[in-house]
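Work through the exercises below with the sequence and the model in view, and try each task before reading its solution.

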Amino acid sequence: MKNFKFIKTLLVCLIATIAFTTSNFYNESVTAQTAQQATVTTTVAQENVVNPLSLVSKPSEYLNKTITMNAKFDKFSTLGLDYKSAFKSSEEYISFLIKREDTIYDIPLSELKLFLKRTEAEKFIELKTDDEISITGTVFSDALGDAWVDVSSLVVTKKAPNKDGVK
């Protein structure tokens with residue numbers, strides 16, 4: 001009878017050890033997979049981030065690609081709307097300009113045509129000059145040697161201070 005209790009205790013200990021080892025192996029495996037997935041996602045996101053000046057200097061390299069840019073908002077505009085070679089209807093879209101970052105002067109980057117659906121643009125009626133934004137979109141044309149971007153996402157990352165210094 002003592003041998004039976006000993007074997008029973010030994011089996012319980014053995015099962016507990018196997019369960020603990022399997023659990024640790026599974027957790028380490030899941031953690032490693034999650035870390036790898038996070039690395040891949042971060043790498044892909046960083047590869048899509050484009051400097052606006054690089055985009056306007058070589059728009060054909062980005063044609064039909066989805067890109068993300070960080071910039072300072074300048075103003076809403078009608079620039080490029082209803083142009084037949086890269087058509088975006090002024091009834092459905094509004095364009096907007098961002099600021100050039102390669103000069104100390106206050107100049108818009110007019111070589112970059114950014115189009116946002118009017119229904120989406122209505123959400124950003126409060127945007128003002130120098131608000132920092134993140135833009136995601138697809139370069140759909142390089143007509144006139146310019147980059148034409150259909151904006152799918154616009155996010156305000158930092159509000160510009162008012163002239164009196166208040167945000």
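**Exercise 1: a serine and its surroundings**

At 9% relative accessibility, serine 141 counts as buried, where buried means under 20% relative accessible area, exposed over 50% and partly exposed in between (1.4 Å probe, protein chains only). The model is predicted, so local features need pLDDT of at least 70 and side-chain atom pairs count only at pLDDT 80 or more, while totals for chains, interfaces and linings use all residues. Residues are numbered from 1 along each chain as its sequence is written, and side-chain values use heavy atoms, with hydrogens and water left out.

Task: find which strand holds serine 141 and which residues serine 141 touches.

Solution: begin with strand β4, residues 132-141, in which serine 141 lies; strands (E, at least two residues) and helices (H or I, at least four) are DSSP runs numbered from the N terminus. Then, leaving aside residues up to four places away in sequence, serine 141 touches Leu63, Ser85, Ala86, Asp146, Ala147 and Trp148, contact meaning heavy atoms within 4.5 Å. Finally, a polar atom of the serine 141 side chain lies 3.0 Å from the backbone nitrogen of alanine 143.

**Exercise 2: positive phi**

Task: locate asparagine 64 and aspartate 82, and decide whether each is exposed or partly exposed.

Solution: asparagine 64, with a positive phi of about 65° although it is not a glycine, is placed in the loop between α2 (52-57) and β1, and is exposed at 61% relative accessible area. Aspartate 82 also has a positive phi of about 65° without being a glycine; aspartate 82 sits in the loop between β1 and β2 and is partly exposed at 36%.

Methods:
Polar contact = N/O pair within 3.5 Å; in protein donor to acceptor, adjacent residues only side chain to side chain.
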